[in-house]
Amino acid sequence: VAAFHEATSALNAATPAGTAVELAVRVFAAGAWTPWMPYGKWSPFLRRASLPVQHPEDAAAYLDTDMVNVHAPGGASLFQLRASLYTDDVRRSPSVYL
């Protein structure tokens, strides 16, 4: 598998009122998985805001707005995405596609 040093993720989501979607990413670098790095919750009913950049000096990778930056020697070889779906009413649910 070819190594990479940058990656970005995107999704399409339908989020009825009272629902939201949160996307998180992690990469396999330097022989281990990084912690999950959340992009933040999204819904047209929430105030839009990017999470602050988390850039620990010893981190193998960090998320800067929407770009994963890999600092581990040799880059990263794998990535995983996790979508979390939130609702305040069990009769409504967000959906993720593409």
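Analyst: Let's settle one term before we start: a residue is buried under 20% relative accessible area, exposed over 50%, and partly exposed in between, using a 1.4 Å probe and protein chains only. This is a predicted model, where local features need pLDDT of at least 70, side-chain atom pairs count only at pLDDT 80 or more, and totals for chains, interfaces and linings use all residues. Residues are numbered from 1 along each chain as its sequence is written, and side-chain values use heavy atoms, with hydrogens and water left out.

First, the surroundings. The protein has nine strands and zero helices, where strands are DSSP runs of E at least two residues long and helices are runs of H or I at least four long, numbered from the N terminus. Of the 98 residues, 30% count as buried. Among contacts with a separation of 6 or more, 66% are between residues 24 or more positions apart; a contact here means heavy atoms within 4.5 Å.

The part I'd pick is strand β3, residues 19-29. Nine of its 11 residues are buried, so β3 is largely enclosed by the rest of the structure.

What lies alongside? Strands count as paired if DSSP finds at least two bridges between them. β3 runs antiparallel to β8 (residues 76-87), and 11 bridges join the two.

Now for the inside. The largest nonpolar core has 13 residues, and Val27, Val68 and Val70 have the most contacts within it. By nonpolar core I mean a set of buried Ala, Val, Leu, Ile, Met, Phe, Trp, Tyr and Cys residues joined through side-chain atoms within 4.5 Å. β3, β5, β6 (61-64) and β7 (67-70) each supply at least two core residues, and β3 gives the largest share, four. As background, nonpolar side chains in soluble globular proteins tend to be buried together. Take Val68: leaving aside neighbours within four places in sequence, its contacts include Val25 and Val27, along with Met37, Tyr39, Ala61, Tyr62 and Leu63.

Over at residue 19, you'll find Thr19, also in β3. Thr19 is buried, at a relative accessible area of 4%. Its side chain reaches the backbone oxygen of Pro16 at 2.6 Å. Beyond four places in sequence, Thr19 touches Ser43, Tyr86, Thr87, Arg92, Ser93 and Pro94.

The structure holds three salt bridges, each being a side-chain nitrogen of Lys or Arg within 4 Å of a carboxyl oxygen of Asp or Glu. Arg92 meets Asp88 at 2.8 Å and Asp89 at 3.8 Å, while Asp89 also meets Arg91 at 2.9 Å. That links Asp88, Asp89, Arg91 and Arg92 in a network. How covered are they? Asp88 is exposed at 59% and Arg91 is exposed at 73%, whereas Arg92 is partly exposed at 30% and Asp89 is buried at 16%.

One last stop is Val96, in strand β9 (residues 95-97). Val96 is partly exposed, with a relative accessible area of 38%. Setting aside neighbours within four places in sequence, Val96 is in contact with Leu11, Asn12, Ala13, Val21, Ala83 and Leu85. Val96 and Ala14 are 82 residues apart in sequence, yet their C-alpha atoms are 6.5 Å apart in space.

Conventions: Polar contact = N/O pair within 3.5 Å; in protein donor to acceptor, adjacent residues only side chain to side chain.
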